[in-house]
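The following note sets out several points for a reader who is new to structural models. Please consult the sequence and the structure while reading each point.

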Amino acid sequence: AAPPDTPLPPTRLGPNTGTTLPTPSKALNDRVGLIRGDITKLAVDAIVNAANQSLLGGGGVDEAIHRAAGPRLYRECRALGGCATGSAKMTGAYALPARRVVHAVGPVYNPFDRAGSERLLTGCYTRSLELAAEGGCRTVAFSAISTGVYGYPSRDAAPAALSAIRAFLTGPDGEKIDKVVVVTFEMKDVEAYNQFIPLYFPPV
Ligand code: ADP
């Protein structure tokens, strides 16, 4: 993954700390936010890693999370025996400021099976939110899953992510989660989310 265009200082994020950037939407605006920065710095209940099927670490955000969490995270992941694409597993967060890490395995983007890619990507978001809710995590920060090395175009990944987040927050277990933030690291993802958040979380 490419580095950010501009470095950002560490961000503290609690349920009501008001540190999320304002989104252009009004409806559910206190439930969804966009943060540009490093997900390893966020003090949320759960951060969502863009992992691979081995759950043994990789490049990009996965590498950054393992480096910041320390070797105990690797040891817990090794005992999990991997994870299917389109699903997720949860661990402790060790030296990270977050409480838990959800390791979501996004698809390698397949331009010849866009519907299949989308089904797997939305599966990651839905399963991650289910795990977070089951684990009592009320604030959740997502990486831009699959948009790095896995090649998923940001303009397609952002609406898929937002539709899954919206479906969960408006569904039967939606009240179990207070706030979801999407953490963007690169300009292409900032642009995609700024375009699509008002469509999925429209002004009232
Ligand atoms: P994948 O293999 O699922 O595509 P990558 O880690 O390559 O995962 O990329 C996922 C996204 O995470 C990309 O948008 C990348 O820029 C971003 N990213 C990389 N490092 C960080 C970080 N420290 N915090 C937040 N996002 C990051």
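1. The largest cavity holds about 40 Å³ of space. A cavity is, on a 1 Å grid over the protein atoms alone, a set of points where a 1.4 Å probe fits but cannot get out. Points are joined across faces, edges and corners, and the volume is the space filled by probe spheres set on the points. By this rule, the count is one cavity of 30 Å³ or more.

2. The model is predicted: local features need pLDDT of at least 70, side-chain atom pairs count only at pLDDT 80 or more, and totals for chains, interfaces and linings use all residues. Residues are numbered from 1 along each chain as its sequence is written, and side-chain values use heavy atoms, with hydrogens and water left out.

3. The lining of the largest cavity consists of Y125, A144, I145, T147, S154, A157, A158, D189 and Y193; a lining residue has an atom within 4 Å of a point. By class, the lining has six nonpolar, two polar and one charged residues.

4. Which residues are closest to the ligand? They are D38, S146, G148, V149 and E186, among the 18 residues that surround the ligand; here a residue is near if one of its heavy atoms lies within 4 Å. Helix α1 (residues 60-69) gives the most to this shell, namely three residues.

5. Polar contacts (pairs of N or O atoms within 3.5 Å) can be followed atom by atom. A side-chain N or O atom of E186 is 2.4 Å from an oxygen atom of the ligand. A backbone N or O atom of G148 lies 2.9 Å from a ligand oxygen atom, while one of I39 lies 3.0 Å from a ligand nitrogen atom.

6. Two aromatic pairs are counted; rings of Phe, Tyr and Trp (its six-membered ring) pair if their centres lie within 6.5 Å, and planes under 30 degrees apart count as stacked, over 60 as edge-to-face and the rest as tilted. Y109 and Y152 form a tilted pair, 4.7 Å centre to centre with 55 degrees between the planes.

Methods. A polar contact is a pair of N or O atoms within 3.5 Å; within protein, one must be able to donate a hydrogen and the other to accept it, and residues adjacent in sequence count only if both atoms are side-chain atoms. Helices (H or I, at least four residues) and strands (E, at least two) are DSSP runs, numbered from the N terminus. On a 1 Å grid over the protein atoms alone, a cavity is a set of points where a 1.4 Å probe fits but cannot get out, and a pocket is an open set with protein on both sides within 12 Å along at least five of seven lines; lining residues have an atom within 4 Å of a point. Ala, Val, Leu, Ile, Met, Phe, Trp, Tyr, Cys and Pro count as nonpolar, Asp, Glu, Lys and Arg as charged, and the others, Gly among them, as polar.
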